[in-house]
Amino acid sequence: MQERKTTYEIPVGPIHPALKENIRFTFQVEGERIRSVDVKPGFVHRGIEYMGMRRNLIQVLYLSERICGICSISHPIVLTQAVEQAANIEVPPRAQYIRVIVSELERIHSHLLWAGVAAHELGFDTLLHLSWKVREKVMDILEELTGNRVDYALPIFGGVRRDIAAEQYPKLMEMIRYYRGLFEELSDTFLRDPSVEARTRDVGVLTPKEAHELCAVGPVARASGLRKDVRQDWPYLVYGDFDLTALTPEDHGVEVHGDVYDRIIVRLLEVAQSLDLVERCLREMPEGEITSFPKIPALLAYLKKAEGEGIGRHEAPRGEVIHYVRLEAGQEGPAVWKVKAPTYSNLMPWTPMFREQEIADIPIIAASIDPCMCCMDRVHVDRGDTREALDKQALLRLSWEKTRRVCG
Amino acid sequence: MTVDKVLDMLRTSAGEALTDPELRSRTVGVARPQEIKEVWAGISGQALVPAVRALADLAPLHLSVISGRDAGEDIELLYHLTVGYGTEGGEVLVTLRLMLPKTALRVPSLCGLIPGAETTEREKREFLGVAFEGITDDRNLFLPDDVTAHPWRADDEEIGGMVRRTVKWEERNAGT
């Protein structure tokens, strides 16, 4: 008798089932259980570093904002740090505070955006609408401060391009009060809701050992119990002045499981932490210059003569961003520009997270690292001679049905 | 963790294979300004794994990324590591520079020591053509499976062809 094949291959993507971003997962499944997964990124590789090495540094700065719309302050902040180290440029104190304020506002909007996506993956659209409704407050503030909801064009080598005016302080304080007033409601809805807990507790587990060995970063590493946060570990800008602590689920008074639920806890705690940081910056920020190079032609001329290497690092909402820059005298652009975004480091941790989980958990586990790539919209399932296509809606339906099933 | 401890450990583990060790510093902070030092040093391929192992024994080690460039006769790899995350201000940034002649583009993989090194080693293999001995998976990662050119190599004449093939590949896949 012919032996029956029990393991099937399910390619998911490059059309991503969970987010609007391109990536290909190839799952080996047995029944509903995932036995292993192969992850293939690169479907939206735009050669940005290659492009950057053929442009002048000011152009590269605006190109760096376009690496990621959500992290559109993180990459310019890191690039400016790297170039400022290479070219020995000082940043005025006030500009350092402004960079921190906008970075923390970006963290708030990114985490709230993620919260909505996660709620949608679970079939809890009321929570998606709540999260995205309250996110509008910080988007309005970002627009108020920079003129844009994303791509703020704020940092420049040697400082920032816009100041925060005295009349804008009360608006920021009003935003802080608004979110603090909402925090209990958001925590209650996410962390004490039985259906959220049933779908995320002990799902997509990453142990502390795996998180360390696979070089996980950001909320993914911290949800697995690693107190790893560039803002805490490696002082830069004014973060070293703040006695900041990397947050783990233990700070919420619970034991670390390293699962999707813990990733929700960490991101919610970080929203509150960011509010505190913004408030503190507003209180302590000194008056003064916002850039050491007010004239762009002078800056470009200076950069053209600069020679050296520099590294910039920043804790973006999704984790560590690092840029390496090499400047050579006579060249307007960088001789070398290497960018590492957080999802790059969180690719490998996906493998243990998916192992032994159900197909219906794919969307929420994929979303739980808050990945950052682009999307397409289709899933193919090969089962022997039969071939069927599951579109995004079908896979989401599977996830939503599981929510209804486990929650009675 | 302190830069002096990290540098001592590198000197002990790599010996003469550690070249031009240098401490670079930057001043950060406003209310409490502090000088943050980082380690930059050259290293040989043979000494790389023992040196990184020694750093991993010292404190929690994180490999941020490996960057690289075509330096003419050589390929330069820069290993950006951090030692001692998890403590306030206690992390030391270390950059180890490795020069590989284009005639012998081979270097031991760090995957046995840091499994998370696989992503960045795969990227350097495909973009610069460096072979990592002992890597757990050496397939293309970011480039399409059938691309054999190395886009960051100045001497790679296939890049133009690669761009044309990539466009064709995208067109073919867009239609399915």
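## A walk through chains A and B

Start by selecting helix 4 and helix 11 of chain A, which pass each other in a left-handed crossing (the near helix is turned anticlockwise from the far one by less than a right angle; clockwise would be right-handed). Helices here are DSSP runs of H or I with at least four residues, strands are E runs of at least two, and both are numbered from the N terminus. You are looking at a predicted model, in which local features need pLDDT of at least 70 and side-chain atom pairs count only at pLDDT 80 or more, while totals for chains, interfaces and linings use all residues. Residues are numbered from 1 along each chain as its sequence is written, with chains lettered from A and ligands numbered from 1 in the order in which they are written.

Stay with this pair. Contact means C-beta atoms, placed from the backbone, within 7 Å.

Now zoom out to the whole of chain A. Colour by secondary structure to find 16 helices and 10 strands. The C-alpha atoms fill a box of roughly 80 × 50 × 35 Å along the principal axes.

Move to chain B and select helix 1 (residues 3-14) with helix 2 (residues 45-58). The axes of these chain B helices lie 9 Å apart at an angle of about 140°, and the helices are therefore oblique to each other. Helix 1 of chain B passes helix 2 of chain B in a right-handed crossing. Met9(B) and Leu10(B) are among the helix 1 residues here, and Ala51(B) and Leu55(B) among those of helix 2.

Finish where the chains touch. The contact takes 35 residues from chain B and 37 residues from chain A. On the chain B side, strands 1 (19-28), 2 (34-42), 3 (61-70) and 4 (74-83) and helix 3 (118-128) each supply at least two residues. Strand 3 of chain B gives the largest share, six residues.

Technical notes. Axes fitted to C-alpha atoms, helices over the stretch in contact; angles between N-to-C directions. Parallel < 35°, antiparallel > 145°, perpendicular 65-115°, else oblique. Contact = placed C-beta atoms within 7 Å.
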